[in-house]
Amino acid sequence: VPLDPVPARTMAATNGSAAPAEESQPPTASSPAAAAAGAAAGGEEEPNLSQQQIIERYKEMRTRCQELAEKGANMRQDLEEHQSVIRRLSSMDSGRKAYRLLGGVLTEQTVGEVLPAVTSTAANITAVVNQTEADLARLDAETKAWKVKYGIRTQAEVEAERAAAGRRAA
């Protein structure tokens, strides 16, 4: 589903400078919410960004979150496959023939040679999955802080608010 963020406030150009057109103001730099958002986004203050730059940065952050989530899902699937092979090989005689695909080449080895290699690979995949999940959690927090800091709303959020307002009016 494409993400079309809509700014919570509209900007009206007056004398070449952008000023909020609505009363709803984003957190100021001195407010605790802005400080928390700034700390979550790396602790550095952003230079004056245009509304388009803010939305583009948000879209980039959401895209990166989606990419990390996909990578994590793929790695978890690989891990499950490795664990299945480990379970299967563990019950076999270590001298039995086993075949292993290495760099696109099918090699003949024994279960005793393949099992430690597959176990090691599974451990490495587990480490990558854990790192990917940590990176995703950090980036998701930064993205949410960015969204709050600049008052960004997605199209779905705007439509839900309109629907709720319509139900209240009826």
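**Helices and salt bridges**

Modeller: This is a predicted model, in which local features need pLDDT of at least 70, side-chain atom pairs count only at pLDDT 80 or more, and totals for chains, interfaces and linings use all residues. Residues are numbered from 1 along each chain as its sequence is written, and side-chain values use heavy atoms, with hydrogens and water left out.

Biologist: How far does helix 2 reach from its first C-alpha to its last?

Modeller: Helices are DSSP runs of H or I with at least four residues, numbered from the N terminus. Helix 2 covers residues 51-90, which is 40 residues. The expected span is 1.5 Å times one less than the number of residues. For helix 2 the expected value is 58 Å, and the span is close to it, at 58 Å.

Biologist: Which residue forms a salt bridge with R64?

Modeller: A salt bridge is a side-chain nitrogen of Lys or Arg within 4 Å of a carboxyl oxygen of Asp or Glu. The N to O distance is 3.7 Å, and the partner is E67.

Biologist: Is K147, which pairs with E157, buried or exposed?

Modeller: The salt bridge between E157 and K147 has an N to O distance of 2.6 Å. It ties helix 4 (residues 155-169) to helix 3 (residues 111-149), because E157 lies in the former and K147 in the latter. Buried means under 20% relative accessible area, exposed over 50%, and partly exposed in between (1.4 Å probe, protein chains only). With 19% relative accessibility, K147 is buried.

Definitions and conventions: Helix = DSSP H or I, 4+ residues; strand = E, 2+ residues; numbered from the N terminus.
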